[in-house]
Amino acid sequence: MLSATAEHALRAVLFVAQFPERTTFASDTIAAALGAPRNYLSKTLQALAKAGVLRSSRGPGGGFALAIAPAQLTIERVIAPFTERPKTAVCLLHNRPCDVEQPCGAHAQWHSITSHYDRSIVHTTIADLLSDQLHQVSALTAQNVS
């Protein structure tokens with residue numbers, strides 16, 4: 001359900017969020033880590049900075065960093081600049097509007113699916129997505145210390 005750009009944006013934010021001790025990442029570093037085209041990802045990162053998801057700084061040591069703590073940053077906020085929502089829902093089965101007043105045979109089930117998706121992206125944070133990853137890193141760090 002995500003566009004390619006929204007997926008790259010989410011992957012970039014997750015990459016940056018995995019390294020809270022690091023202040024910034026160059027766009028080339030993020031692109032290489034994700035296997036994404038450098039110029040394409042650079043534009044995506046700039047859009048995230050313009051949307052207030054990332055902060056950017058120029059010059060030596062500059063780059064991109066999270067502008068919002070992972071626990072407060074939702075998936076919806078990350079993908080919003082790259083997601084277009086249709087103003088009127090078009091029927092999946094017919095070439096006409098489809099809504100509660102004019103439902104098609106697939107309307108109720110499709111509405112349930114999209115509503116669940118919408119609730120999930122609004123309530124799931126970057127910290128939620130990384131929780132297993134961060135627990136694994138904490139466990140490895142604890143093992144190395146003892």
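A salt bridge here is a side-chain nitrogen of Lys or Arg within 4 Å of a carboxyl oxygen of Asp or Glu. With that in hand, let us walk through this predicted model view by view.

View 1. A search of the whole structure finds 1 salt bridge. Arg 38 pairs with Asp 28, and their closest N and O atoms are 3.9 Å apart. Because Arg 38 lies in helix H3 (residues 38-50) and Asp 28 in helix H2 (residues 27-34), the pair ties together parts that are 10 residues apart in sequence. Helices (H or I, at least four residues) and strands (E, at least two) are DSSP runs, numbered from the N terminus. Both partners are partly exposed: Arg 38 has a relative accessible area of 48%, and Asp 28 has 39%. For this and every later view, buried means under 20% relative accessible area, exposed means over 50%, and partly exposed is in between (1.4 Å probe, protein chains only).

**View 2. The whole chain, for orientation.** The protein chain holds 6 helices and 2 strands, and from the N terminus on the elements run α-α-α-β-β-α-α-α. Of its 146 residues, 32% count as buried. The chain exposes about 9400 Å², with carbon and sulfur atoms supplying 55% of that area; accessible areas come from the Shrake-Rupley method with a 1.4 Å probe, and for residues only the protein chains shown count as cover. Among contacts (heavy atoms within 4.5 Å) with a separation of 6 or more, 59% are between residues 24 or more positions apart.

Two notes on reading the views: residues are numbered from 1 along each chain as its sequence is written, and side-chain values use heavy atoms, with hydrogens and water left out. In this predicted model, local features need pLDDT of at least 70 and side-chain atom pairs count only at pLDDT 80 or more, while totals for chains, interfaces and linings use all residues.

View 3. Cys 104, in turn, is in no disulfide, with the sulfur of Cys 91 as its nearest cysteine sulfur. Cys 91 counts as buried because its relative accessibility is 6%. Cys 104 is buried too, with a relative accessible area of 11%.

**View 4. A nonpolar patch on the surface.** Met 1, Leu 92, Leu 93, Trp 110 and Ile 113 form this patch, and together they have about 530 Å² of accessible area. Patches are made of residues with over 30% relative accessible area and no salt bridge; like charges are joined within 9 Å, and nonpolar side chains (Val, Leu, Ile, Met, Phe, Trp, Tyr) within 5 Å. Look for Leu 92 in the loop between helix H4 (75-79) and helix H5 (107-123). Leu 92 counts as exposed, at 52% relative accessibility.

View 5. Arg 77 lies in helix H4 and is partly exposed, with a relative accessible area of 37%. Not counting residues up to four places away in sequence, Arg 77 touches Ala 51, Gly 52, Val 53 and Ile 68. Arg 77 and Val 122 are 45 residues apart in sequence, and their C-alpha atoms are 7.8 Å apart in space. Gln 72 sits in the loop between strand S2 (63-66) and H4 and counts as exposed at 56% relative accessibility.

**View 6. Thr 125, between H5 and H6.** Thr 125 lies in the loop between H5 and helix H6 (126-145). Thr 125 is buried, with a relative accessible area of 10%. Leaving aside neighbours within four places in sequence, Thr 125 contacts Pro 70, Ala 71, Leu 73 and Thr 74.

**View 7. Leu 14 in helix H1.** Leu 14 is found in helix H1 (residues 4-17) and counts as buried at 18% relative accessibility. Beyond its neighbours within four places in sequence, Leu 14 is in contact with Ile 126, Leu 129 and Leu 130.

**View 8. Confidence along the chain.** pLDDT is the predictor's confidence in each residue, from 0 to 100. The protein chain averages 85, and 87% of the residues score at least 70. Over residues 137-146, pLDDT stays under 50, and the model has 0 contacts there beyond four places in sequence. Where pLDDT is low, the predicted coordinates should not be read in detail.

Conventions. Disulfide = S-S within 2.5 Å.
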